[in-house]
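Q: I have a structure open and would like to work through it. Could we take it one topic at a time?
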Amino acid sequence: MGKENDKIIGDFLFEDFKKNMKEKDEKQVMELMCRHFEFYGQMNSQNIEYALRGAKLSCTHGNKYIQLDMARDHGIYDGEDALMVCGDCILHENIYDFGACGNGKFEPVYSKDAPPPGRKTLNKDGQERHICLPVLLGEWGCGSIDSRSLLISVGPEGKMYEKESFDGEGFSQNTIEQIAQEQSKNAEEDAEYSQALMTCDNLLCLYGGVITIEENPFKMKREQSSIRKTFNVGNNEINIRACSEEIIAFLKCYERGGIRATIEDEMKYLNEGEPAVRMYYDSANKPTIGWGHLIVGNGEYVFLNGVTKNLYKDELSLAEAEEIFQTDITIKQTDLNQLLDKLDLSVTQREYDVLLSLTFNTGTGALTDDQAYPQTKKWFETQGYKDKEYSKFILGDIINGGDDGLKARRLDELEILLNKPYERDEGDLDRVLSEDGESIWLRKDKINELAEIWKSSPDYKGDHAENENQ
């Protein structure tokens with residue numbers, strides 16, 4: 001039994017409660033109760049849960065869904081899925097582009113202080129809009145900062161800790177004050193704690209977009225490093241619209257920088273995976289910097305932090321080279337996704353990665369140009385990349401007449417399709433042969449033969465040009 005002066009208020013038992021409590025004490029009790037009900041009201045909702053890596057995201061102004069990625073693992077899991085925190089809102093690490101910005105219902109707000117991105121693309125209705133470039137205004141959140149979500153431990157042991165809660169045990173007013181002070185101290189000074197991301201939280205973009213969490217990923221085992229996916233469960237098929245981390249590393253190996261100040265100089269390549277922080281002329285005599293970024297126009301480049309550099313003259317930091325590379329990847333993904341969506345094509349992760357590597361190297365013209373690449377265009381539009389033999393001869397034809405460097409790259413891309421590691425191998429250039437033991441290089445006759453055979457495959461999509469003429 002409680003003492004005579006004990007008093008229960010809500011779910012809390014206050015010892016030696018006095019009617020003439022000071023105003024600050026009453027305020028503290030009310031704040032404690034509000035936090036209690038806010039927390040339990042939030043956690044008892046069937047529609048609110050911890051946000052997991054791979055959660056489906058949408059933007060009010062966007063034209064496609066993306067999936068939430070993770071810059072680093074915080075060591076806390078729901079089954080095999082890692083929990084996210086409110087600080088997981090870094091562009092190109094956690095958040096990617098939503099396609100075109102503007103969809104008819106919601107349009108971006110541009111101004112002198114918030115100018116539009118430089119590139120344009122088409123939205124889902126075929127209307128021209130600026131490409132999405134999220135400029136995030138702070139971290140994930142919902143409601144007041146004190147009641148948004150739990151603090152969780154992100155220490156190396158990967159354990160999760162709730163803030164100390166008040167579950168009905170008796171405590172004095174001094175205890176309340178002491179616990180409140182300790183919690184505040186932990187939140188401010190203990191770097192091992194971060195605010196857990198909940199599915200009710202959102203992000204705001206400078207251009208007016210509101211990014212929300214639509215749903216957590218399906219409770220199923222997923223292949224490592226394939227988190228940015230959309231799943232077509234009805235067909236039991238994974239339909240990818242973003243590249244893997246493996247192909248990012250692969251591209252950096254092939255797009256390593258060089259030193260060549262003039263076209264008369266001999267090329268000196270940097271170490272594998274190392275970007276060029278100063279402009280050099282590539283093997284095609286084009287001004288290049290970073291990881292294969294071609295410099296165009298006057299060379300002026302504006303970074304996300306507002307700094308402007310002239311890529312012809314100025315030296316880059318590694319962070320700036322990374323930003324340019326990630327922007328190039330986003331652009332290439334957007335272009336590739338538009339083609340895949342327009343033609344309603346399905347791709348696995350490895351197929352997507354190979355197509356991205358190919359377009360990063362040759363441009364999207366390899367998949368769209370009837371004059372320069374008619375056989376490759378048909379291979380792409382009919383989903384010929386799903387046939388390994390057909391793909392061998394297609395990639396074996398995109399080698400600029402027989403360049404050994406391009407042969408090595410095409411072989412490595414083929415081996416990705418053949419479920420081998422994402423590795424750079426400049427060794428035996430005839431290590432991949434046809435099923436009959438034939439060379440795969442520059443065989444247009446064989447490509448035509450396999451294109452006809454492919455028409456009888458259940459995965460054959462149908463010639464796009466033929467469909468348009470029907």
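Q: In which sense do strand β17 and strand β18 pair?
A: This is a predicted model. In it, β17 (residues 276-281) and β18 (residues 287-290) pair in the antiparallel sense, over three bridges.

Q: Which residue is the bridge partner of Y281 in β18?
A: The partner of Y281 is P287.

Q: And how many residues are between the strands in the hairpin of β17 and β18?
A: There are five residues between the two strands, and N285 takes a positive phi near 65° in this hairpin.

Q: What about β19, how many bridges join it to β18?
A: Two bridges join β18 to β19 (residues 293-294), and these strands run antiparallel. T288 stands opposite L294 in β19. The two strands form a hairpin with two residues between them. In that turn, G292 has a positive phi of about 70°.

Q: New topic: how many residues has the largest nonpolar core?
A: That core has 57 residues, and W379 and F380 are those with the most contacts inside it. The elements giving two or more residues to the core are α3 (245-254), α4 (318-343), α5 (349-362), α7 (374-381), α8 (388-395), α9 (404-417) and α10 (444-454). The largest share, eight residues, comes from α4.

Q: What is W379 in contact with, leaving aside its neighbours within four places in sequence?
A: With those neighbours left aside, W379 is in contact with L355, L358, L367, G384, Y385, Y390, S391 and I394.

Q: Which residues are in the other core that lies apart from it?
A: The other core has 20 residues, among them C59, C89, Y96 and I213.

Q: Moving on, how many cavities of 30 Å³ or more are there?
A: The count comes to three. The second largest cavity has a volume of about 80 Å³.

Q: Which residues line the second largest cavity?
A: The lining consists of C59, H61, G62, F98, A100, C101, C132, L133, P134, C205, Y207 and I211. These residues divide into ten nonpolar, two polar and no charged.

Q: Last topic, K388: where is it found?
A: K388 is found in helix α8.

Q: Why does K388 count as partly exposed?
A: K388 counts as partly exposed because its relative accessibility is 31%, and that class lies between the cut-offs of 20% for buried and 50% for exposed.

Q: What is K388 in contact with, leaving aside its neighbours within four places in sequence?
A: With those left aside, K388 is in contact with L417 and L418. The C-alpha atoms of K388 and E415 are separated by 9.8 Å, and these two residues are 27 residues apart along the chain.

Technical notes
Residues numbered from 1 in each chain as written. Predicted model: local features only at pLDDT ≥ 70, side-chain atom pairs only at ≥ 80, totals over all residues. Heavy atoms only, no water. Core = buried A, V, L, I, M, F, W, Y, C linked by side-chain atoms within 4.5 Å. Buried < 20%, exposed > 50% of the residue type's maximum accessible area, 1.4 Å probe, protein only. Helix = DSSP H or I, 4+ residues; strand = E, 2+ residues; numbered from the N terminus. Contact = heavy atoms within 4.5 Å. 1 Å grid on protein atoms, 1.4 Å probe; cavity = no way out; pocket = protein on both sides within 12 Å on 5 of 7 lines; lining within 4 Å. Points joined across faces, edges and corners; volume = space filled by probe spheres on them. Nonpolar A, V, L, I, M, F, W, Y, C, P; charged D, E, K, R; others polar. Pairing = 2+ DSSP bridges.
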